[in-house]
Amino acid sequence: MHPEITRAFSCSRRSIMIPEKISPPPGREAVLSSRKIEGLIASGKYIFILDNKVIKADAWLNYHPGGLKAIQHMVGKDATDEVTALHSAETRLRMTRYQIGTIEGRWKNFVPPIQGGTFRKYPAVLQEDSEESEESADSDSTRATSLISDADGEEVRKRREGSDTDRTSITSTSSVAGSRAPDDLTFLDSQTKQEIDLDLEKYPALDSDVQERIIQKYRLLNQRIRAEGLYDCDHTAYVWEAARWVSLFLTMLFFLRIGWYCTSGAFLGMFWSQLVFAAHDAGHVAITHNFTIDTLIGMIIAAPIGGLSLGWWKRTHNVHHIVTNSPEHDPDNQHLPVFAVNHRFLGNIWSTYHERLLPYEAVAKFLVPFQAYMYYPVLTLGRFNLYVQSWTFLLQGQGPRKGLAWWHRYFEIVGNLIFWYWFGYLIVYKSIPKPSARFGFVMVSHMINMPLHVQLTLSHFAMSTTDLGPDESFPQKMLRTTMDVDCPQWLDFFHGGLQFQAIHHLFPRIPRHNLRRTQSLVQEFCEDVKIPYALYGFVDGNREVIGKLAEVSRQATILAKCQRTLAERADIFHSH
């Protein structure tokens, strides 16, 4: 964010860091009721709340560099904190162009349609200001399919009705619950209920006053961080980063020249790993805080140097930051048939990101019971999967085709062709004489990235995956689903900021070289609002992940035994 155009100030409940010169668009300050906003969403409009302003984002959908999915997960919600965390002041200023009204008082979040929320259309014959017509039919709105059934066997939970702390409002959606046998669902439901109960006991109550206090404290923390200059990037740190990159690349060339091909491949892999950290910074516009410059930096690192797509990463990563660790919605923990990071993957769930079923079928049933043993071996091959994902994104044109990012796809396609020319042709084919040596070079250069993939998964795989409903605040959800890794300061270069993932999820635009200084402030915040701050050593964090994977494997084994028993009983029944 550019300090010359920005100044922090405190507003009402939905205060936000915005340029001082912002003024509401003429004629767009009419107060809209919750009922009317619900009706607009029911008619297909993409509406969310930003700093008490009602934003209709329909005209922006095809221009959003972060993709459609991120916007869909904010529909019907007060997305002030999510938008503030992920966007610059200039971008938030542009969003006010799409303002259609304002709200009064405290907003009660809907469940977004993409997450299973349903909305009632607004009857034209109703009086707009009639309190009775606004609220009388609330029991029919915003309902979501639940994996947890109450004593009466209901499978639909009211998301906006009843007490804020009513556990029937806490759901974990399953779009294909009917595709599983009742006994399978009973087992999976019991596991989900246990997880929800544990989270409700461990974290602050979902009461609106409690969550409101957390939100206000979080915003005060954001103002303090900004006042202490922690959003300002120390560009001299990147001089040392660049020196490390150049040293690794030159060392790779040296060993390549003398014929130590596997050693050369190891240094190339370390070169790529270090560059990924800078690409991550640039993707969050945390280097120069200028969208075009940082995106260009990120794309140069990702495509011609790394053979990947920053656009693909942005599309998945923005969703990840909004619906962190949700099995149904977060693409970063959807790894079937190889990994099931939560028992809900054993029940054929629907991925709203990939828009397809994630079936728990033969291959997954064979692999998942062994996933704790396969974790590290599979991650050694993780970079090959990134090539596939990047090319799929680019060839299918999944990124924005209009607006500031229209040209990114073509830049990255050309960049990836450059990568395969210098890496695939000049180095692997022309510089290495024997096929066996080429194979060794490629495999070592890719497998050496395994610690990076461990770092990427470590902060989330062992954390909560439950959905505590739309009333949970953004900061509580980020801290509940993310852990930090404790390490000495001299090892920061190895982790590249990924050891501060909880802090990063709260404040994604803080430059990574300032995250360690921010940590103490976040710890104070957590103590103040009584949210546990998950901090593990690197070894202990790995143990937590392996333990979580092993537990899901155990659950998969139990489920398989139940299914076999039911099948045997059915055979006996039919034989008679």
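pLDDT is the predictor's confidence in each residue, from 0 to 100. This is a predicted model, in which local features need pLDDT of at least 70, side-chain atom pairs count only at pLDDT 80 or more, and totals for chains, interfaces and linings use all residues. Residues are numbered from 1 along each chain as its sequence is written, and side-chain values use heavy atoms, with hydrogens and water left out.

Select the protein chain and colour by pLDDT: the average is 85, and 83% of the residues score at least 70. Next, select residues 125-139, where pLDDT stays under 50 and the model has 20 contacts (heavy atoms within 4.5 Å) beyond four places in sequence. Then take residues 143-179, also with pLDDT below 50; this stretch has 94 contacts in the model beyond near neighbours in sequence. Where pLDDT is low, the predicted coordinates should not be read in detail.

Select helix 1, residues 34-42: Ser34, Arg35, Ile37, Glu38, Gly39 and Ile41 are buried. Gly44 follows helix 1 and has a positive phi, near 100 degrees.

Move to Asp78, in the loop between helix 2 (68-72) and helix 3 (80-86). Asp78 counts as buried because its relative accessibility is 5%. Show side chains here: those of Asp78 and Thr80 are joined by a polar contact of 2.6 Å (a pair of N or O atoms within 3.5 Å; within protein, one must be able to donate a hydrogen and the other to accept it, and residues adjacent in sequence count only if both atoms are side-chain atoms).

Note on methods. Helices (H or I, at least four residues) and strands (E, at least two) are DSSP runs, numbered from the N terminus. Buried means under 20% relative accessible area, exposed over 50%, partly exposed in between (1.4 Å probe, protein chains only).
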